[in-house]
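Okay, thanks for coming, everyone. Have the model up on your screens while I talk, and we'll walk through it together.

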Amino acid sequence: MYKKLLVALFGMAMATGAQAALADMHAEMNDGCESCHAEGMPSEDGAFEMEQCAMCHGALNEMEGAHPAHDGLMECSDCHQLHEHEAATEVTCDACHDDGRK
Ligand code: HEC
Ligand code: HEC
Ligand code: HEC
Ligand code: HEC
């Protein structure tokens, strides 16, 4: 609950948006690299990182839009490449689906 409240509060503060990699944007507003990586080091399988995403944003089946359809099938970082995408990068469906969906 506490983390979800923080997400709501920071959401308002971040509404203007900054052009930084998603990971850096997160590191700046929270506890640096440790907001996603245990002791700041990436895990082998990404499970720890996914757990951190879900603690702040909710699990895939609790989210809106394209999220619930992918519950149990993939991790957040399959679509949101934290160190490559800038904040506000739009994830496109046709990276994986070739039937024209958006
Ligand atoms: C918002 C969560 C988040 C934050 C904050 C974050 N990372 Fe990551 N990082 C990830 C995820 C998820 C992966 C694995 C897949 C990927 O690259 O998206 C990753 C992968 C990595 C990797 C493996 C190589 C790579 O680029 O794929 C390194 C090294 C790394 N992070 C270092 C850092 C450092 C150093 C910081 C602090 C400046 C940091 N991360 C902050 C989520 C985060
Ligand atoms: C199948 C690709 C996909 C996966 C997997 C995915 N996302 Fe997303 N995400 C999107 C798309 C597309 C959007 C743009 C708006 C929408 O459709 O909801 C988005 C938007 C967002 C947003 C910003 C808008 C909002 O709803 O607040 C957040 C935060 C987010 N995703 C977090 C996550 C987290 C956390 C996970 C893992 C638990 C995740 N996403 C997994 C595709 C994905
Ligand atoms: C400590 C809490 C926290 C963690 C952990 C966290 N986030 Fe976030 N995230 C936020 C907040 C706060 C925002 C800004 C408000 C918003 O857009 O919901 C945000 C924004 C986002 C956005 C939208 C950024 C934009 O403006 O385009 C995406 C996508 C996202 N997070 C994905 C992830 C993913 C994927 C992970 C795990 C690798 C993750 N977050 C981990 C708190 C967190
Ligand atoms: C990282 C790859 C990836 C991305 C990006 C992605 N999907 Fe998917 N999606 C999958 C996979 C894998 C499945 C499960 C197998 C299948 O049904 O094709 C799936 C299943 C689905 C399903 C349920 C089954 C079906 O085929 O109807 C829906 C709905 C869906 N995706 C919508 C979207 C939408 C909308 C977007 C863009 C916002 C999107 N996906 C982006 C990989 C992805």
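Now the housekeeping. This is a predicted model, so local features need pLDDT of at least 70 and side-chain atom pairs count only at pLDDT 80 or more, while totals for chains, interfaces and linings use all residues. Residues are numbered from 1 along each chain as its sequence is written, and chains are lettered from A and ligands numbered from 1 in the order in which they are written.

How confident is the predictor? pLDDT is its confidence in each residue, from 0 to 100. The protein chain has a mean pLDDT of 85, and 80% of its residues reach 70 or more. Confidence is lowest in helix H1, residues 2–13, with a mean of 55. It is highest in helix H3, residues 47–57, at 96.

On to the overall layout. Helices and strands here are DSSP runs numbered from the N terminus: helices are H or I with at least four residues, strands are E with at least two. By that count the protein chain has 4 helices and 0 strands, so reading from the N terminus on you get α-α-α-α. Of the 102 residues, 6% count as buried. For contacts, two residues qualify if their C-beta atoms, placed from the backbone, lie within 7 Å. Among contacts between residues at least 6 apart in sequence, 50% join residues at least 24 apart.

Now the ligands. I call a residue near a molecule if its C-beta atom, placed from the backbone, lies within 6 Å of it. For the classes, Ala, Val, Leu, Ile, Met, Phe, Trp, Tyr, Cys and Pro count as nonpolar, Asp, Glu, Lys and Arg as charged, and the others, Gly among them, as polar.

Which residues are closest to ligand 1? They are Ala23, His26, Cys33, Cys36 and Ser77, out of 15 that surround it. Helix H2, residues 22–29, gives the largest share of that shell, with 3 residues. By class, the ligand 1 shell has 6 nonpolar, 8 polar and 1 charged.

Ligand 2 has 17 residues around it, and Cys53, His57, Gly65, Cys76 and Cys79 come nearest. H3 and H4 are the elements that give two or more residues to that shell. The ligand 2 shell splits into 10 nonpolar, 5 polar and 2 charged residues.

Around ligand 4 there are 13 residues, with Ala66, Ala69, Asp78, Cys93 and Cys96 nearest. That shell holds 9 nonpolar, 2 polar and 2 charged residues.

Let's go back to Cys33, one of the residues closest to ligand 1. Cysteine 33 sits in the loop between H2 and H3 and counts as partly exposed, because it has 16 C-beta neighbours inside 10 Å. Leaving aside neighbours within four places in sequence, cysteine 33 is in contact with Ala27 and Gly40. Cysteine 33 and alanine 23 are 10 residues apart in sequence and 8.0 Å apart, C-alpha to C-alpha.

With 19 other C-beta atoms within 10 Å, alanine 27 is partly exposed.

Next, the loop between H3 and H4. Asparagine 61 is in that loop, and asparagine 61 is exposed because 11 other C-beta atoms lie within 10 Å. Beyond four places in sequence, asparagine 61 is in contact with Pro68 and Asp71. Leucine 73 is found in that loop too, and leucine 73 counts as exposed, with 8 C-beta neighbours inside 10 Å. Leucine 73 and leucine 60 are 13 residues apart in sequence and 9.7 Å apart in space, C-alpha to C-alpha.

Glutamate 39 is not a glycine, yet it has a positive phi of about 50 degrees. Glutamate 39 is in the loop between H2 and H3 and is exposed, with 6 other C-beta atoms within 10 Å. Alanine 88, also not a glycine, has a positive phi of about 75 degrees. Alanine 88 lies in the segment after helix H4, 76–79. Is alanine 88 buried or exposed? Exposed, because 11 other C-beta atoms lie within 10 Å.

Note on methods. pLDDT is the predictor's confidence in each residue, from 0 to 100. A residue is buried if 20 or more other C-beta atoms lie within 10 Å of its own, exposed if 12 or fewer, and partly exposed in between; C-beta atoms are placed from the backbone.
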